[in-house]
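Let's take a friendly walk through this fold, one piece at a time. Please keep the viewer open as you read.

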Amino acid sequence: MNPIYDQLKRPLRDLRISVTDRCNFRCSYCMPEEIFGPDFAFLPNDKILSFEEIERLVKIFVSFGVKKIRITGGEPLMRRDLPVLVRMIRNIEGVEDIAMTTNGSLLKKYARPLKEAGLDRVSVSLDSLDDERFFAMNGRRGKVKTVLAGIEAAAEAGLYVKVNMVVQKGKNTEDILPMAQYFKEKKHILRFIEYMDVGSSNGWRLDDVVSKKSIVEEVSKIVPVKPVAPNYKGEVATRFAYEDGDGEVGVISSVTDSFCGNCSRARISAEGKMYTCLFATEGTDLRSLLRSDLSDDDVAAQIAAVWENRTDRYSDERTEQTASRRKGRIEMSHIGG
């Protein structure tokens with residue numbers, strides 16, 4: 001193993017891989033219907049990395065010290081035969097943890113095959129327990145009961161489950177308390193996510209952000225909560241334990257806080273570009289490298305050069321002015337969360 005560090009001495013430890021740019025939802029903060037409509041040109045199959053190409057990249061990244069792999073999208077379960085890819089990654093020496101982020105709509109069908117293939121954890125996106133508000137946020141594409149059934153199927157299959165809720169002022173703030181109560185009772189960790197200025201098409205405004213402080217105050221109406229230490233250095237969520245000892249919640253607060261200082265994540269988009277920041281505007285084309293006659297060592301050298309020159313710290317530097325200059329920024333649907 002040859003660990004590599006960026007200009008701020010941050011190691012490369014986590015790799016997030018988007019396996020498709022397609023999704024069966026049209027969430028307003030990620031793939032709004034008015035942009036990603038029926039005529040939107042998604043990537044053709046030959047422009048998306050094959051499983052073998054992904055496997056090759058994972059082996060290279062593991063040689064740098066990457067231990068955690070997260071599979072994202074789009075909606076990753078729209079990628080055919082996804083358990084096959086999970087098994088390929090599971091068989092790579094050095095991979096310690098494989099997770100997936102999903103909207104949960106197809107999870108009931110695939111939870112057990114994914115677990116059997118080697119998936120460890122799943123993060124399920126759910127923004128409301130109210131069907132009408134959920135419809136309004138996901139483009140009227142999915143029902144709450146379908147996602148809840150997927151969550152329970154994942155838990156029954158032995159997957160560790162977390163639930164992610166993006167909070168937007170005026171859209172689902174009234175759901176903070178019911179969501180916290182429901183998942184406290186179900187023994188699943190709920191993580192609230194501040195509405196972020198990712199991509200350039202979701203109409204983000206600072207006024208629409210509900211802060212970590214406000215979220216924690218609301219959750220405390222159930223049972224008071226207290227901060228607890230992160231599980232590991234670089235964990236993106238701030239953890240809070242219920243003072244009755246029964247469970248915890250988390251808040252991912254990229255807007256009102258920053259977790260850039262310990263960021264050890266690289267992202268690969270569906271078309272094979274490497275991004276060193278969630279808020280990036282430019283990526284490095286790895287697909288062309290993989291489809292050339294370069295050796296693994298040659299590809300590794302170019303990846304290392306990108307990481308070692310990395311200086312990204314967008315959340316540290318964010319202002320409303322910089323956040324409004326978002327043209328050309330990579331969309332969430334290409335690189336996941």
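In what order do the 12 strands of the open sheet lie? Before the answer, a word of caution: this is a predicted model. Reading across the sheet, the order is β7-β8-β9-β6-β5-β4-β3-β2-β1-β10-β11-β12, and the pairing is mixed. At the two edges you will find β7 (225-228) and β12 (284-285), each of which pairs on one side only. As background, strands of a sheet pair through backbone hydrogen bonds, either parallel or antiparallel. For an antiparallel example, look at β8 (residues 237-242) and β9 (residues 248-252), which are joined by five bridges. Within this part of the sheet, Ala-237 faces Ile-252 of β9.

Helix α1 touches β1 (14-18), β2 (68-72), β10 (265-268) and β11 (273-275). The direction of α1 makes about 170 degrees with that of β1.

Residues 51-62 make up α1 and residues 82-90 make up α2; the two helices pack at an angle of about 25 degrees, with axes 10 Å apart. Angles under 35 degrees count as roughly parallel, and α1 and α2 are therefore roughly parallel to each other. Their crossing is right-handed. On the α1 side the contact uses Phe-51, Glu-52, Ile-54, Glu-55 and Val-58, while α2 contributes Leu-82, Val-84, Leu-85, Met-88 and Ile-89. Sorted by class, the residues of this contact are eight nonpolar, no polar and two charged.

The next partner of α1 is helix α9 (residues 296-308). Here the axes come within 10 Å and cross at roughly 65 degrees, and the crossing of α1 with α9 is right-handed. From α1 come Arg-56, Leu-57, Ile-60 and Phe-61, which meet Asp-296, Val-299, Ala-300 and Ile-303 of α9. The contact of α1 with α9 holds six nonpolar, no polar and two charged residues.

Let's go back to α2 and follow it to its contact with helix α3 (residues 107-117). The axes of α2 and α3 come within 8 Å and cross at roughly 20 degrees. These two helices are therefore roughly parallel to each other, and α2 passes α3 in a right-handed crossing. Leu-82, Pro-83, Val-86, Arg-87 and Arg-90 of α2 meet Pro-113, Leu-114, Glu-116 and Ala-117 of α3. Six nonpolar, no polar and three charged residues form the contact of α2 with α3.

What about the aromatic rings? A pair of aromatic rings is described by the distance of the centres and the angle of the planes. With centres required to lie within 6.5 Å, the count comes to four aromatic pairs. One of them joins Phe-25 and Phe-134, whose ring centres are 6.1 Å apart and whose planes stand at 80 degrees, so the pair is edge-to-face. Phe-25 sits in the loop between β1 and α1, and Phe-134 belongs to helix α4 (residues 131-138), so the pair ties together parts that are 109 residues apart in sequence.

Finally, two backbone details deserve a look. Most residues other than glycine have a negative phi, and most peptide bonds are trans. Against that background, the peptide bond from Gly-73 to Gly-74 is cis, with omega near 20 degrees. Gly-74 lies in the loop between β2 and α2. Lys-9, a residue other than glycine, has a positive phi near 65 degrees. You will find Lys-9 in the segment before β1.

Definitions and conventions:
Residues numbered from 1 in each chain as written. Predicted model: local features only at pLDDT ≥ 70, side-chain atom pairs only at ≥ 80, totals over all residues. Heavy atoms only, no water. Axes fitted to C-alpha atoms, helices over the stretch in contact; angles between N-to-C directions. Helix = DSSP H or I, 4+ residues; strand = E, 2+ residues; numbered from the N terminus. Parallel < 35°, antiparallel > 145°, perpendicular 65-115°, else oblique. Left-handed = near helix turned anticlockwise from the far one by under 90°. Contact = heavy atoms within 4.5 Å. Nonpolar A, V, L, I, M, F, W, Y, C, P; charged D, E, K, R; others polar. Pairing = 2+ DSSP bridges. Phe/Tyr/Trp six-rings, centres within 6.5 Å; stacked < 30°, edge-to-face > 60°.
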